[in-house]
Amino acid sequence: MGSLSVCVNQPSKFLCFSPCPQLWCRNWNWKSNKRSLTCFSSQKKIGFMDQILDYIEGGPKLRKWYGAPELLPKDGSLSEEDMSSEEDEVRDAVLVTDGDNEIGQMIILSLIIKRTRIKALVKDKRVAMEAFGTYVEPIAGDARDRSLLKKALSGVRAVICPNEGFISNLESWKGLQHVILLSQLSVYRGSSGIQTIVTANARKQAEQDESLVMASGIPYTIIRTGLLINAPGGNQNFNFKEGCASQGKLSKEDAAFICVEALETVPQKGLIFEVVNGEDKVMDWKEWFATLIDKSEV
């Protein structure tokens, strides 16, 4: 399938529709003050961050085209009828504990693509709704507030924590089936010199988070990454050897992708592994996780 280029005279947001949801558009020519959009079929794969930008720039029309439900009221609140039915709600949602974090937003987009019901803790509910539409139920407030956390965890089967400091009030976690924690503890432990001082607080928080998750009694997956960097994901392979995370690096896009793939396989008790970009290629993540769990439980 060939490509189609379209130019518009105003630097405004532009939508390009196609029967294929995997058709994406992007390119701006600043010299001519025209936006030239080249549309590619699903045979051409683009970077994960480009998908995020295209999705957000698409606006409400593109989200509706993808099948998003109608918007919530302007204050983002649920009706009394919706609130009353929460107790009987099936646990089918995934909670992202930081929807403002860059990796958290990448995780959200991956979940949207998988048509997962998503809840997210955010600073500003309206900003989150404008960015992600009703694909995400944003919950604004202090994660340490028990009533807020109870609301956030209503109907949730799994929690993904993309960074440190969002794990608290574990008594509210009753009923969860899986907790996924993205941890840079290996990086902090491997630091030296001035970096040891700079990362001291982050290391302490990471150690606390891991300890709380492991003591929670909820099946968990702790993903200890190398230094997280801004690099294209999807085209790099991996290294899972013990000790690799203290010196290696991992694309943020790949980190988000692995978090989402971890949802598909729930360990009986817990799973901890290290990962950086390397030379190993994973063809089937579900099979890879199942094999790793079997080895860890022997």
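Mentor: Helices (H or I, at least four residues) and strands (E, at least two) are DSSP runs, numbered from the N terminus. This is a predicted model, in which local features need pLDDT of at least 70 and side-chain atom pairs count only at pLDDT 80 or more, while totals for chains, interfaces and linings use all residues. Residues are numbered from 1 along each chain as its sequence is written, and side-chain values use heavy atoms, leaving out hydrogens and water.

Trainee: Which residues of H8 are buried?

Mentor: An α-helix has 3.6 residues a turn, so residues three or four places apart point the same way. In H8, Ala206, Asp209, Glu210 and Val213 are buried. They lie on the same side of H8 because their arc around the axis is only 95 degrees, taken from the directions from the helix axis to the C-beta atoms.

Trainee: What do the buried residues of H8 pack against?

Mentor: Their partners are strand S9 (178-183), helix H6 (185-190) and strand S10 (220-225), with contact meaning heavy atoms within 4.5 Å.

Trainee: How many disulfides does the count give?

Mentor: A disulfide is a pair of cysteine sulfur atoms within 2.5 Å, and the count comes to zero. The closest cysteine sulfur to that of cysteine 161 belongs to cysteine 259, 9.2 Å away, too far for a bond. Cysteine 161 is buried, at a relative accessible area of 0%.

Methods
Buried < 20%, exposed > 50% of the residue type's maximum accessible area, 1.4 Å probe, protein only.
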